[in-house]
Amino acid sequence: MSTPDSQLLITPADRIYVAGHRGMAGSAICRALVAKGYGEAGGGALLTAARSDLDLLDPVAVGDWFAANKPDVVILAAAKVGGIHANATYPADFLLDNLKIQNHVIETSWCSGVRRLLFLGSSCIYPKFAEQPIREEALLTGPLEPTNEWYAIAKIAGIKLCEALRQQHGFDAISLMPTNLYGPGDNYHPTNSHVMAALIRRFHEAKESNAASVTCWGTGTPRREFLHVDDLGEACVFALENWAPQPMESSFLNVGTGVDLLIADLANQLASAWGYGGTISWDTTKPDGTPRKLLDVSRLKAMGWSARIPLAEGIRLAVANYSQDLARSAA
């Protein structure tokens with residue numbers, strides 16, 4: 001159950017720093033915070049810093065920024081992210097950059113007296129063949145999916161750093177593990193994007209060019225769960241307000257819908273959303289990734305939070321958002 005408003009673990013008077021505020025997850029978290037009255041309207045502040053103003057890869061710059069801005073609460077949504085192709089092409093970048101960002105922000109938060117920190121992980125932290133739906137206890141029980149293990153290892157290190165600081169120094173750091181995200185702010189790069197964004201772009205281009213067929217990667221048989229990023233934003237605020245793990249309790253939670261579908265079915269839904277009537281074929285020389293990845297979200301649901309945007313509505317919103325982005329870029 002959620003706590004009464006008078007007992008919330010963060011307050012509108014707090015100075016809240018969102019690292020990665022321009023990314024898909026970070027911008028959604030900012031929207032959720034503003035909608036709940038956080039920021040200047042509540043007497044506190046919503047702190048952000050563009051990459052040009054604060055390089056999170058530079059530990060000295062991070063320390064100086066924290067000393068000057070004195071956040072009470074930190075939300076770490078900054079990360080180097082990408083799909084299967086990007087992870088396979090730039091493994092060292094995904095591991096090194098994410099480790100540096102996490103270590104600098106988390107350690108500086110602890111050393112600077114930040115009261116509460118939320119670290120965003122990813123569902124790719126779990127073993128490739130984890131029992132479905134995946135419970136939090138599955139972490140480190142088997143080998144990872146090789147196509148994104150570099151990113152996954154970095155995220156696991158972030159979770160464990162938060163847990164270690166919590167255990168050894170009493171630092172109030174918690175972590176959330178979101179499933180596959182989509183929505184405003186997604187990356188629609190033709191090769192470096194995640195599956196939802198890649199398919200949204202592919203079917204739009206096929207519709208515009210009257211292509212007779214669309215080729216998608218893999219077999220279409222893997223099952224995936226998708227969470228609209230605005231649901232994630234609300235889950236982050238909910239966890240920060242309400243969740244206080246007990247001393248021997250795990251300090252990370254899954255965030256998702258608890259519902260998955262075949263990638264082939266997702267492709268059919270996106271083709272329909274664009275009004276595309278051509279043939280869909282599958283390039284089986286391309287990797288599928290993990291065969292299934294469905295999160296067990298029962299712990300967060302038991303606390304009183306559930307995703308509110310069903311996939312059909314989320315796809316409609318994502319397609320409309322992509323169309324608006326195209327219109328703005330063409331203007």
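Guide: Start with R299 and E249, whose side chains meet in a salt bridge at 3.1 Å, N to O. By salt bridge I mean a side-chain nitrogen of Lys or Arg within 4 Å of a carboxyl oxygen of Asp or Glu. R299 sits in helix α9 and E249 in the loop between α7 (229–242) and β9 (252–255), so the pair ties together parts 50 residues apart in sequence. Helices (H or I, at least four residues) and strands (E, at least two) are DSSP runs numbered from the N terminus.

Quick housekeeping: this is a predicted model, so local features need pLDDT of at least 70 and side-chain atom pairs count only at pLDDT 80 or more, while totals for chains, interfaces and linings use all residues. Residues are numbered from 1 along each chain as its sequence is written, and side-chain values use heavy atoms, with hydrogens and water left out.

Back to the pair. E249 is partly exposed, with a relative accessible area of 30%; buried means under 20%, exposed over 50%, and partly exposed in between (1.4 Å probe, protein chains only).

R299 also has a salt bridge with E136, at 4.0 Å, N to O. E136 belongs to the loop between β4 and α5 and R299 to α9 (residues 298–303), so this pair ties together parts 163 residues apart in sequence. Both E136 and R299 are buried.

Next, look at D260 and R223, a salt bridge with its closest N and O atoms 3.2 Å apart. This one links distant parts of the chain, with D260 in strand β10 (residues 260–262) and R223 in strand β8 (residues 223–228), 37 residues apart. D260 counts as buried at 12% relative accessibility, while R223 is partly exposed, with a relative accessible area of 27%.

In total, the structure holds 17 salt bridges. Some join up: R116, R166 and D172 are linked in a network of salt bridges.

At 6% relative accessibility, D14 counts as buried. Leaving aside neighbours within four places in sequence, D14 is in contact (heavy atoms within 4.5 Å) with G44, A45, D72, V73 and R115. D14 and D72 are 58 residues apart in sequence, yet 5.8 Å apart in space, C-alpha to C-alpha.

What about the nonpolar side? A nonpolar core here is a set of buried Ala, Val, Leu, Ile, Met, Phe, Trp, Tyr and Cys residues joined through side-chain atoms within 4.5 Å. The largest has 41 residues, and Y17, L56, F66, L76, L117, I125 and Y126 touch the most other members. Elements supplying at least two residues each include β1 (15–19), α2 (59–69), β4 (116–120) and α5 (149–169). The largest share, six residues, comes from α5. Y17 touches V73 too, and its contacts beyond four places in sequence also include L47, W65, F66 and I75. Apart from this core lies another of 35 residues, among them L8, I29, C30 and L253.

F66 turns up again where helices meet: P59, V62, G63 and F66 in α2 contact H104, V105, T108 and S109 in α4.
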